[in-house]
Amino acid sequence: MFHGSIPADLRSIIYEHAESWPDTDLYVGCSGNFTIERTLHSRPGERRAIHGNDVQAYSSALGWWLAGRPLDYRLKDEHRDLLAWLEPYLTTSTDTLASLMLGTRFLQYVGRPGVYYERMVRATVGQFPTMHAKTVAKLNALTLRLASYYCGDVREYLETVVPADAPVAMFPPFYAGDYEAQFAGIDEFFDWPAPDYPMLDEDGKEQIIGAVLDRPHWILGLHIPRDELRPWLRGVVQTSNRGMPIYVYASSGARRVVAPAQDVAPILAPKIGPAEQLGDRMAIHVLSGGQFAAIRSQFMSKTILPGSPLLACGVSVDGKLIGAFAYLPPKFDPACAYLMSDFPVSWTRYRRLAKLIVMAAASRETQLLLQRSLSKRLTSWSTTAFTDRPNSAKYGRGIPGVKLQKRSEPAADGIHRYQLQYGGPLGDWTLHEALAEWKRRHGKDMR
């Protein structure tokens with residue numbers, strides 16, 4: 001029901017630190033989805049009043065509702081006809097909050113041209129009575145209540161509202177514009193009493209740190225280590241191997257370190273050697289989650305964030321493992337599977353072995369496995385490549401039927417210049433045919 005919750009291990013650290021704070025009101029800055037408030041409230045026998053703060057439409061709706069204040073959210077005049085069906089679900093504050101929470105999911109589809117978006121809106125309208133009733137029931141079951149909610153800039157909140165000796169907990173947005181982008185749909189379709197505030201940039205974070213350090217009891221979470229705050233470092237939380245670590249600074253308390261533990265399992269097959277030649281019999285083997293995690297950590301680029309695949313397969317030639325690939329379910333086109341990962345064993349003599357892994361991933365044998373997993377017909381695949389060149393060396397040329405569908409600049413990963421969308425047919429060749437074609441086109445290109 002809530003968006004963007006901070007990790008459970010981080011909540012445990014907050015829970016632990018709150019025990020040593022004095023018996024006074026507790027203040028939270030940059031409340032977001034009120035995870036900190038819910039954590040503090042969950043403590044057995046907790047009677048201290050809790051106060052929240054934020055600036056975003058979604059967070060402010062939650063905050064005002066938790067503080068027992070009415071919600072002044074109304075559809076904009078230019079969107080009333082488009083969302084007339086939503087009006088009956090905006091009669092009370094609880095009804096309005098439930099609609100806004102659901103809106104964070106469906107408003108992104110409203111008014112956009114295209115069969116997919118129209119189908120999503122129709123499905124939402126048909127299911128909305130049930131979804132709304134369930135959300136209202138969950139809201140009514142909440143026991144958390146705020147003593148107050150301040151809608152405004154956190155720096156002003158710290159300076160003018162929070163008492164100088166009150167405990168403060170805060171995990172400011174990690175990137176400027178985080179919540180603006182996440183909840184843009186509410187601002188687009190609704191009028192509400194939005195505050196004026198400057199964007200929370202790096203200079204703003206410096207101001208926050210300075211305002212917090214002067215207090216006797218505080219806890220602060222940041223996404224980068226700060227050398228000047230090292231005496232107050234009380235925890236480091238990283239929940240996945242390539243996840244962003246969160247550095248927890250506090251006025252006092254125990255020190256905790258949370259490190260990721262990835263479940264891995266061996267693949268009981270030898271990998272191709274650096275000087276070995278490829279044989280003539282290619283096969284694919286379904287991998288468990290642990291097996292795929294192990295080979296992914298060994299060979300995939302460290303700049304690519306890991307995911308949980310629908311189907312993961314190893315690729316072998318004459319019993320020697322030469323790479324792996326993994327798929328996710330279709331995203332937009334229901335007949336198009338998404339190739340989330342594909343990589344070769346890195347130390348072989350073949351410069352273009354990565355192309356063979358892609359061809360295996362697009363084979364008829366892979367198509368059958370995917371269709372069996374989803375119980376539906378699949379005819380194509382797509383993938384995303386991040387590179388500093390306008391075309392991908394792996395997908396760009398030499399694989400039958402593969403086309404560049406979209407080129408974006410700059411790339412969304414914040415590292416590379418280009419983000420390239422490629423796609424091609426699924427099931428146009430067998431594994432045997434793929435290996436023979438690859439050898440004809442690329443097999444002589446060696447290190």
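Reply: The bend at a residue is taken as the angle between two fitted axes, one through the seven residues ending there and one through the seven starting there. With that in mind, and remembering that this is a predicted model, we can turn to helix 5, where a kink of about 60° lies at glutamine 127, shortly before the proline at position 129. Helix 5 covers residues 115-141, which makes 27 residues, and the span from its first C-alpha to its last is 37 Å, close to the 39 Å expected at 1.5 Å a residue.

The buried residues of helix 5 are Tyr116, Tyr117, Thr124, Phe128, His132, Thr135, Val136 and Leu139. Among the elements that cover these buried residues are helix 3, which runs over residues 57-66, and helix 4, which runs over residues 93-106.

A pair of aromatic rings is described by the distance of the centres and the angle of the planes. The count of aromatic pairs in this model comes to 22. One of them joins tryptophan 64 and tyrosine 149 in an edge-to-face arrangement, with 5.9 Å centre to centre and 80° between the planes. Because tryptophan 64 lies in helix 3 and tyrosine 149 in strand 4 (residues 148-151), this pair ties together parts that are 85 residues apart in sequence. Tryptophan 64 has 8% relative accessibility and therefore counts as buried, and tyrosine 149, at 4% relative accessibility, counts as buried too.

Since tyrosine 116 belongs to helix 5 while phenylalanine 332 sits in the loop between strand 13 and strand 14, the pair ties together parts that are 216 residues apart in sequence. Tyrosine 116 is among the buried residues of helix 5, whereas phenylalanine 332, at 54% relative accessibility, counts as exposed.

Elsewhere, charged side chains lie over aromatic faces: lysine 331 is placed over the face of tyrosine 338, at 4.2 Å from the ring centre, and arginine 43 over the face of tyrosine 15, at 5.0 Å from the ring centre.

The strands on either side of the loop that holds phenylalanine 332 also take part in the surroundings of another helix. Strand 13 (320-328) and strand 14 (336-344), together with strand 11 (282-286) and strand 12 (311-317), are included in what covers the buried residues of helix 10. Helix 10 itself spans residues 289-299, and its buried residues are Gly290, Gln291, Phe292, Ala293, Ile295, Arg296 and Phe299.

Technical notes: Residues numbered from 1 in each chain as written. Predicted model: local features only at pLDDT ≥ 70, side-chain atom pairs only at ≥ 80, totals over all residues. Heavy atoms only, no water. Buried < 20%, exposed > 50% of the residue type's maximum accessible area, 1.4 Å probe, protein only. Helix = DSSP H or I, 4+ residues; strand = E, 2+ residues; numbered from the N terminus. Contact = heavy atoms within 4.5 Å. Expected span 1.5 Å × (residues − 1). Phe/Tyr/Trp six-rings, centres within 6.5 Å; stacked < 30°, edge-to-face > 60°. Lys NZ or Arg CZ within 6 Å of the ring centre and 35° of its normal.
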